[in-house]
Amino acid sequence: MNKRNHEEGTAPKYLVVDKQPHATVSEQFRTIRTNIMYSSVNTDIKSVLFTSDLAGSGKSTVAANMAVAYAQAGKKTLLLDADLRRPTSHETFRVGNREGLSTLIVNDIHLKEVIKGTEFDNLDLITSGPIPPNPAELLSAPKLDAIMVRLVTHYDMVIIDSPPILSVTDAQLLSKNADGVVLVTNVEKNNRDRLNEAKDLLNKSGANILGIVLNGRTAEYKRDGHNYYYQKSQAT
Ligand SMILES: Nc1ncnc2c1ncn2[C@@H]1O[C@H](COP(=O)(O)OP(=O)(O)O)[C@@H](O)[C@H]1O
Ligand SMILES: [Mg+2]
């Protein structure tokens with residue numbers, strides 16, 4: 001858990017919460033953080049799974065920015081890259097990916113060996129590790145349950161990145177280990193039927209859907225060129 005040096009300007013451009021803390025989009029990430037906090041009155045949300053209907057919806061971007069937003073709020077945060085098919089967190093945070101979730105599940109190694117520090121205070125990362133031939137099998141291993149229990153004990157918030165729910169079963173499997181699920185969808189590409197299908201799959205596995213993030217570029221008049229907003233899933 002070595003903390004890396006926080007050199008000015010090292011964070012990649014898509015970590016907008018760090019790069020442009022005053023931009024509208026950064027404010028929207030903080031709003032999502034607040035909404036998640038208030039979304040469940042009776043249960044403390046300590047782990048949130050980010051998934052999407054389709055690939056390329058922006059869930060890794062949203063998950064990474066949410067993780068930074070939680071860390072900035074002083075929460076001890078872990079970003080878990082559980083997209084064992086197209087992982088990106090190691091690139092976003094510029095760390096190695098020789099060891100990560102896949103090696104942790106398959107090998108007899110200690111959790112500490114796969115937790116990487118980031119350039120951000122309060123933010124640690126578990127990258128995917130090498131892409132395995134059988135991601136769904138790994139994610140249904142009982143060992144994952146034990147890993148999640150340890151992570152939520154150690155961290156205030158665990159943010160989980162995952163593959164799209166309509167393509168593979170991985171996110172459904174992961175949702176069993178998350179207190180809540182946020183569905184990210186591209187504003188231009190989403191449609192109601194697909195979103196309903198995604199919601200049905202999550203409901204089937206007993207997921208607690210916290211809401212939907214509509215992600216995408218907006219009309220030119222928006223100065224920051226991004227638009228993220230959040231609404232309760234019931235409204236869709
Ligand atoms: N709101 C946005 N505006 C512009 N580019 C975006 C936005 N959200 C995501 N992207 C870009 O779109 C691509 C796909 O996003 P990513 O987060 O990797 O999607 P996913 O994890 O759902 O496959 C990335 O290159 C990312 O930088
Ligand atoms: Mg991704």
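The chain exposes about 11,200 Å². Carbon and sulfur atoms supply 48% of that area. I note that this is a predicted model.

**Overview.** I counted the elements next. The chain has 9 helices and 8 strands. Of its 236 residues, 53% are buried. I then checked contacts with a separation of 6 or more. Residues 24 or more positions apart account for 75% of them.

**Helix H7.** I turned to residues 142-154, which form helix H7. Its 13 residues should span 18 Å at 1.5 Å a residue. I find the end C-alpha atoms 19 Å apart, which agrees. Which residues of H7 are buried? They are Leu 144, Ile 147, Met 148 and Leu 151. Seen down the helix axis, these buried residues fall within an arc of 100°, so they line one face of H7. Pro 142, Val 149 and Thr 153 are exposed on the other side.

**Salt bridges.** I get a count of 2 salt bridges. One joins the side chains of Glu 27 and Arg 30, at 2.9 Å from N to O. Both residues sit in helix H2 (residues 24-39). They are 3 residues apart, so about one helical turn separates them. Glu 27 is partly exposed, at 41% relative accessibility.

Asp 170 forms a salt bridge with Arg 85. Their closest N and O atoms are 2.7 Å apart. Asp 170 lies in helix H8, and Arg 85 in the loop between strand E2 (77-81) and H4, so the pair ties together parts that are 85 residues apart in sequence. Is Asp 170 buried or exposed? I read a relative accessible area of 0%, so Asp 170 is buried. Arg 85 has 32% and is partly exposed.

**Ser 89.** I found Ser 89 in helix H4 (residues 89-92). Its relative accessible area is 5%, so Ser 89 is buried. What does the side chain of Ser 89 join in a polar contact? The partner is the side chain of Asp 81, at 2.9 Å. Leaving out residues up to four places away in sequence, Ser 89 touches Leu 79, Asp 81, Arg 94, Leu 125 and Thr 127.

**Ser 167.** My last entry is a loop residue. Ser 167 lies between strand E5 (157-161) and helix H8 (170-175). Ser 167 is exposed, because its relative accessible area of 53% is over the 50% cut-off.

Technical notes:
Residues numbered from 1 in each chain as written. Chains lettered and ligands numbered in written order. Predicted model: local features only at pLDDT ≥ 70, side-chain atom pairs only at ≥ 80, totals over all residues. Heavy atoms only, no water. Helix = DSSP H or I, 4+ residues; strand = E, 2+ residues; numbered from the N terminus. Buried < 20%, exposed > 50% of the residue type's maximum accessible area, 1.4 Å probe, protein only. Contact = heavy atoms within 4.5 Å. Areas by Shrake-Rupley, 256 points an atom, 1.4 Å probe, with all protein chains shown as cover. Expected span 1.5 Å × (residues − 1). Arc of directions from axis to C-beta. Polar contact = N/O pair within 3.5 Å; in protein donor to acceptor, adjacent residues only side chain to side chain. Salt bridge = Lys/Arg side-chain N within 4 Å of Asp/Glu carboxyl O.
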